[in-house]
Amino acid sequence: SSVIFVQGGYQFVEKGSDRPLRLLLGPSGRPRVGPGGVPFTTLEGNGPAFEVQFTGSAWLASEDGLLVTNRHVAIPWSANEQIGPLFERGFEPRLRLLGYLPDQAEPFELEFVAASREHDLAVVRAPELAGREPLPLSEEYPGAGQAILVLGYPAGIDALLARSGAMFADSIMEDRPDFWTVVRQLSDAGFIRPLATRGIVGQVPPSTIGYDAETTRGGSGGPVLSLSGEVIAVTFAILADFGGSNLGVPADEVSRLLAEAAALSDSAGS
């Protein structure tokens, strides 16, 4: 109940005018697509706003509503090389980031607090979660062979729909809901629940932890737990060609960033 499904989308607006970048529609009314499947965009016309959509995972790390996730989830354009030219053309991103809990149908906004420069880590805030019990951080560095559990939302919406059952999934997809609506309907029906996979720590280099518990895209930002329930790492990367070694940022780096985020929160409050 402390592992959050993260749903995000960001659009681009022109500096100064606030005009959104829109999809360029063809004669059929469908977006025109260029080489590599990248859609054509324009500031003119009445096409829908161009939006990059994604999902991820996060977890509650403090009693005052601080959540830990990856930097590439909290600042998603930092990991998207294709949108670099938009910054050069004078556009800026506008992000919408929502969180969902397994026992709460209503989503909540996630506010950016801090990100690590060295590691794929970030802290966001959800004031609505203040007072809930957070996941504890481990004070011990894991060793090779240690048993672990990985929690998160790998495969994002596709996995949630598959786990909801064919009848329910068919019923909501019949109306072709958009990216935001389908998750809200899954949440209303109680199908927002993280997946857990079990494995062992394979290697412990200084700045990462390798483990074989399965995960995939969408699991980014999820906690890696010892069997006593303490967070020993945060998932940040998968090796697509070798499922025996996924990667996490160790808990001591998480602790450092949380201390920095708490200091930022205190200074903002004063």
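I looked up Leu225 and found it opposite Val231 in S14. That is in a predicted model, where local features need pLDDT of at least 70 and side-chain atom pairs count only at pLDDT 80 or more, while totals for chains, interfaces and linings use all residues. Residues are numbered from 1 along each chain as its sequence is written, and side-chain values use heavy atoms, with hydrogens and water left out.

S13 (residues 223-226) and S14 (residues 231-237) run antiparallel, joined by three bridges. Two strands pair here if DSSP finds at least two bridges between them. Strands (E, at least two residues) and helices (H or I, at least four) are DSSP runs, numbered from the N terminus.

**The barrel**

Next I followed the pairing around. Six strands close into a barrel, in the order S10-S11-S12-S15-S14-S13, with antiparallel pairing. Neighbouring strands of this sheet are turned by 45° against each other on average, direction ignored. For such angles, axes are lines fitted to C-alpha atoms (for helices over the stretch in contact), and the angles run from 0 to 180 degrees between N-to-C directions.

**Asn246**

I stopped at Asn246, which is found in strand S15 (residues 246-250). Buried or exposed? Asn246 is buried, at a relative accessible area of 2%. The cut-offs are under 20% for buried, over 50% for exposed and partly exposed in between, with a 1.4 Å probe and protein chains only.

What does the side chain of Asn246 have 3.0 Å from one of its polar atoms? I found the backbone oxygen of Ala213 there. A polar contact is a pair of N or O atoms within 3.5 Å; within protein, one must be able to donate a hydrogen and the other to accept it, and residues adjacent in sequence count only if both atoms are side-chain atoms.

I also listed what Asn246 touches, leaving out residues up to four places away in sequence: Ile209, Gly210, Tyr211, Ala213, Glu214, Thr215, Ala237, Ile238 and Leu239. Contact means heavy atoms within 4.5 Å.

**S1 and its partners**

I moved on to S1, which is mostly covered, with 10 of its 12 residues buried. S1 runs antiparallel to S4, and nine bridges join them. Tyr10 has Val52 as its bridge partner in S4. With S6, S1 pairs over 10 bridges, again in the antiparallel sense. Gly9 stands opposite Arg96 in S6.

**Helix H5**

H5 covers residues 179-188, and its buried residues are Phe179, Trp180, Val182, Val183, Leu186 and Ser187. I checked what they pack against: strands S1 (3-14), S4 (51-60), S6 (91-101) and S7 (104-109), plus helices H3 (156-164) and H4 (166-173).

At the start of H5, a side-chain oxygen of Asp178 comes to within 3.1 Å of the backbone nitrogen of Trp180. Just after H5, Gly190 takes a positive phi of about 80°.

**Salt bridges**

How many salt bridges does a search of the whole structure find? I got nine, counting a side-chain nitrogen of Lys or Arg within 4 Å of a carboxyl oxygen of Asp or Glu.

I looked at Arg256 and Glu253, whose closest N and O atoms are 3.0 Å apart. They sit three residues apart in helix H6 (residues 251-269), so about one helical turn separates them. Glu253 is buried, with a relative accessible area of 18%.

Salt bridges that share partners join Glu14, Arg19 and Glu44 into one network. Glu14 and Arg19 meet through their side chains at 3.2 Å, N to O. Glu14 is partly exposed at 22% relative accessible area, and Arg19 is partly exposed at 33%. Glu44 also bridges to Arg19, with the closest N and O atoms 3.2 Å apart. Glu44 lies in the loop between S3 (41-42) and S4 and Arg19 in the loop between S1 and S2 (22-23), so this pair ties together parts 25 residues apart in sequence.

**Whole chain**

Last, I took the overall numbers. The chain has six helices and 15 strands, and 46% of its 270 residues count as buried. The C-alpha trace spans about 60 × 50 × 40 Å along its principal axes.

Of the contacts in the chain with a separation of 6 or more, 70% come from residues 24 or more positions apart.
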